Amino acid sequence: MAGQAGGTPSTYSPSPTTRKTKSLILRNDDVDWVRTDGREFHQCRPAFFKTGAVNAAAGSAYAEFGNTKVIVSVFGPRESKKAMMYSDIGRLNCNVSYTTFATSVRGQGSDHKEFSSMLHKALEGAIILESFPKTTVDVFALVLESGGSDLPVVISCASLALADAGIMMYDLVASVSVSCLGKNLVIDPVLEEESYQDGSLMLTCMPSRYEVTQLTITGEWSTPKINEGMQICLDACAKLATIMRECLKGPDSALEE
Amino acid sequence: MVALSIGEKYFIQGGIAQDLRGDGRKRLTPRPIYVETGVISQSNGSARVRMGATEVIASVKAELGRPSALHPDKGKVSIYVDCSPTAAPTFEGRGGEELSTELSVALQRCLLGGKSGSGAGIDLSSLAIVEGKICWDLYIEGLVVSSDGNLLDALGAAIKAALSNTGIPRVNVAAGASGDEQPEVDVSDEEFLQFDTSKVPVIVTLTKVGRHYIVDATSEEESQMSSAVSISVNRRGNICGLTKRGGAGLDSSVILDMISVAQSISEQLINTLDSQIAAAEAGEDES
């Protein structure tokens with residue numbers, strides 16, 4: 001499971017973006033198949049995070065998990081629109097969009113409404129909204145390249161961008177998904193695995209508080225399997241959060257040296 | 001949004017803490033559910049479900065279409081929910097749109113299963129007619145007529161009832177079409193195939209208010225929630241989908257506890273719903 005941690009967590013060795021060919025069909029009873037990128041079932045892709053990717057934004061972050069590349073910028077807190085009602089807590093506005101070249105078929109779904117609302121729900125529990133009354137924080141996420149597990153990457157990246165913008169949060173939010181393929185649970189699935197999956201479980205949590213802010217399950221799951229899936233995700237989230245924290249500390253510790 | 005005074009808020013929260021809610025129910029007692037089927041003559045199947053002041057209509061329409069290239073042996077199902085501003089003024093404009101998408105996505109997640117089609121409540125391969133050429137497209141549409149909380153559970157029940165009310169016309173495929181030609185089909189208007197709904201799950205939403213959670217919340221109670229978890233459970237007791245609403249975080253052990261509670265509640269709900277559907281179908285046949 002410590003796949004993304006490796007020896008040096010914050011470094012990332014770029015893997016050649018090979019053009020994928022349709023691999024063999026993942027049969028349900030076949031236990032011995034190997035994942036397309038040679039990972040183990042419970043091994044995440046190497047994670048790379050970088051803050052301050054956009055100069056104009058109050059805070060921003062870029063994340064790269066294998067082929068999934070995401071950029072998130074945070075604007076604000078700024079004054080809420082005049083038309084909005086008075087509110088003694090801050091507002092969070094989230095938007096997730098895809099570039100036209102993000103998917104293999106051009107220009108599919110440039111605006112993901114359900115992703116936007118999922119991102120909002122995943123983050124709002126972690127942000128101390130009371131700290132900026134009457135104002136709005138905008139979180140804009142852009143998926144540059146979709147390579148599977150897009151939403152978890154967007155969520156983790158967005159929480160990093162919020163932290164970079166200095167928005168007060170209870171904890172960083174980390175998100176990981178697992179796919180159920182036959183009997184196996186596969187963590188951090190790539191696009192191909194996602195299209196064959198029998199079910200998926202996405203968990204978003206605040207690791208230091210051990211609190212789940214968002215959980216979605218599709219497909220048919222038995223209770224022990226949900227248990228297992230949640231445990232795998234919680235472990236992976238905790239590890240992901242340490243990488244994210246390293247990334248936030250990075251520039252400062254470099255200055256001290 | 002429900003406007004409540006501080007006193008009313010305390011009354012709701014205190015009542016839930018003492019296991020006695022405003023309408024006399026216990027925390028885990030749902031409101032009685034009323035089902036009426038065949039309410040829309042234009043569609044292939046329809047149902048109206050009433051739970052207290054919450055009322056929803058679901059309709060199923062079947063149309064002939066082309067299967068997608070990715071799954072040539074399967075039909076297609078689309079689920080869409082409409083929140084009409086006639087039910088509540090907040091449903092007008094963006095508020096209704098947001099709620100509509102949220103409900104539609106949650107229902108899709110709960111009923112359609114994984115991408116490979118396993119665990120789906122609706123068997124998509126039963127909708128195929130000629131592989132790669134013709135299939136049935138099911139359009140499931142929900143309408144919120146009146147809203148008093150717990151919309152998702154009501155819509156799930158209405159869709160289940162509407163599907164069991166659905167008759168899909170028998171199709172005769174003319175032999176002789178070969179290659180790329182689109183085969184000719186003859187849709188019978190007398191013979192209908194009954195839809196198998198035994199695998200369609202029910203949705204149970206547990207709303208957390210204070211330190212306790214309640215089933216089948218009214219809109220007053222929903223306004224006091226910290227978070228809610230909607231769990232869809234099928235007859236075998238397996239989870240078919242789960243969505244969390246509300247911002248507050250939950251401990252993972254609480255979620256697992258909620259899942260087991262939902263499983264036991266769903267058992268009763270499936271049984272009541274089945275008997276209600278059967279009664280509604282019988283009543284419709286007589287009239």
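Biologist: In which element of chain A does Val154(A) lie?

Modeller: Val154(A) belongs to helix 2, residues 150–164 of chain A, where helices (H or I, at least four residues) and strands (E, at least two) are DSSP runs numbered from the N terminus. This is a predicted model, in which local features need pLDDT of at least 70 and side-chain atom pairs count only at pLDDT 80 or more, while totals for chains, interfaces and linings use all residues. Residues are numbered from 1 along each chain as its sequence is written, chains are lettered from A and ligands numbered from 1 in the order in which they are written, and side-chain values use heavy atoms, with hydrogens and water left out.

Biologist: Is Val154(A) buried or exposed, and which residues does Val154(A) touch?

Modeller: Buried means under 20% relative accessible area, exposed over 50%, and partly exposed in between (1.4 Å probe, protein chains only). Val154(A) counts as buried because its relative accessibility is 0%. Contact means heavy atoms within 4.5 Å, and, not counting residues up to four places away in sequence, Val154(A) touches Val70(A), Val72(A), Val96(A), Leu119(A), Ala141(A) and Val143(A). Ala63(A) is 91 residues from Val154(A) in sequence, yet their C-alpha atoms are 8.0 Å apart.

Biologist: Where is Thr99(A) placed, and which residues is Thr99(A) in contact with?

Modeller: Thr99(A) sits in the loop between strand 4 (91–98) and helix 1 (113–124) of chain A, and, at 11% relative accessibility, Thr99(A) counts as buried. Leaving aside neighbours within four places in sequence, Thr99(A) is in contact with Leu142(A), Val143(A) and Leu144(A), and Val143(A) is also among the residues that Val154(A) touches.

Biologist: How many helices and strands does chain A have, and in what order do they run?

Modeller: Chain A has 4 helices and 9 strands, which from the N terminus on run β-β-β-β-α-β-α-β-β-α-β-β-α. Of the 257 residues of chain A, 52% count as buried, and among the contacts in chain A with a separation of 6 or more, 70% are between residues 24 or more positions apart.

Biologist: What is the phi value of Tyr210(A), and what is that of Asp216(B)?

Modeller: Phi of Tyr210(A) is near 55°, a positive value in a residue other than glycine, and phi of Asp216(B) is likewise near 55°. Tyr210(A) is in the loop between strand 8 (199–206) and strand 9 (211–221) of chain A, and counts as partly exposed at 40% relative accessibility. Asp216(B) lies in the loop between strand 10 (212–215) and helix 4 (219–223) of chain B, but counts as buried at 1%.

Biologist: How many residues of chain A are in contact with chain B, and how much area do the two chains bury?

Modeller: Buried area is the accessible area (1.4 Å probe) that two parts lose on being put together, summed over both. Here 30 residues of chain A are in contact with 32 residues of chain B, and the two chains bury about 2600 Å² between them, 54% of it on carbon and sulfur atoms. A salt bridge is a side-chain nitrogen of Lys or Arg within 4 Å of a carboxyl oxygen of Asp or Glu, and the count between chain A and chain B is 2. One of the salt bridges joins Glu102(B) to Lys121(A), with the closest N and O atoms 3.9 Å apart.
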